[in-house]
Amino acid sequence: MKKLLLITLVMGISQAQAAPPLQYVCKDQGKKLTLLLDDVNNTLTWKGVTYSIKEIECGKAGWHAEKDGVGFDFCTATKGAADFDFNGHTVMCDMKR
């Protein structure tokens, strides 16, 4: 019984500490779209595609997203602003609060 209680307690603490993905509202060629950045699972989801990410140095914080040979750098600035180049144009984002 003590083992079951301990396992339940540990699982509850682990789940409570997991941060939700960061959500950004991005403007891509006049359209507002959502970008999700999950630095716990090392993924970035953009336009329904989930990319694997690794941290890089750009802006305040940054990640290189890549999937199937397609990649881009997602760089953040202060106060939740971010941008990246995608398919030859710049996408501007703001963190959803």
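Good morning. Helices (H or I, at least four residues) and strands (E, at least two) are DSSP runs, numbered from the N terminus. For the chain, the mean pLDDT is 85, and 81% of its residues reach 70 or more.

A word on conventions. This is a predicted model, in which local features need pLDDT of at least 70 and side-chain atom pairs count only at pLDDT 80 or more, while totals for chains, interfaces and linings use all residues. Residues are numbered from 1 along each chain as its sequence is written, and side-chain values use heavy atoms, with hydrogens and water left out.

I turn to the salt bridge, defined as a side-chain nitrogen of Lys or Arg within 4 Å of a carboxyl oxygen of Asp or Glu. By this rule the count is one. Lys47 pairs with Asp28, and their closest N and O atoms are 2.6 Å apart. Because Lys47 lies in the loop between strand 3 and strand 4 (49–56) and Asp28 in strand 1 (residues 22–28), the pair ties together parts that are 19 residues apart in sequence. Are the two partners buried or exposed? Buried means under 20% relative accessible area, exposed over 50%, and partly exposed in between (1.4 Å probe, protein chains only). Lys47 is partly exposed at 46%, whereas Asp28 is buried at 4%.

Next, the aromatic residues. Rings of Phe, Tyr and Trp (its six-membered ring) pair if their centres lie within 6.5 Å; planes under 30 degrees apart count as stacked, over 60 as edge-to-face and the rest as tilted. The whole structure holds nine aromatic pairs. In one of them, Trp46 and Phe84 have ring centres 5.2 Å apart and planes at 90 degrees, so the pair is edge-to-face. Trp46 lies in strand 3 and Phe84 in strand 7 (residues 81–86), so parts 38 residues apart in sequence are tied together. Both residues, Trp46 and Phe84, are buried.

Finally, Tyr24, Trp46, Tyr51, Trp63, Phe72, Phe74, Phe84 and Phe86 form one aromatic cluster. Thank you.

Notes
pLDDT is the predictor's confidence in each residue, from 0 to 100.
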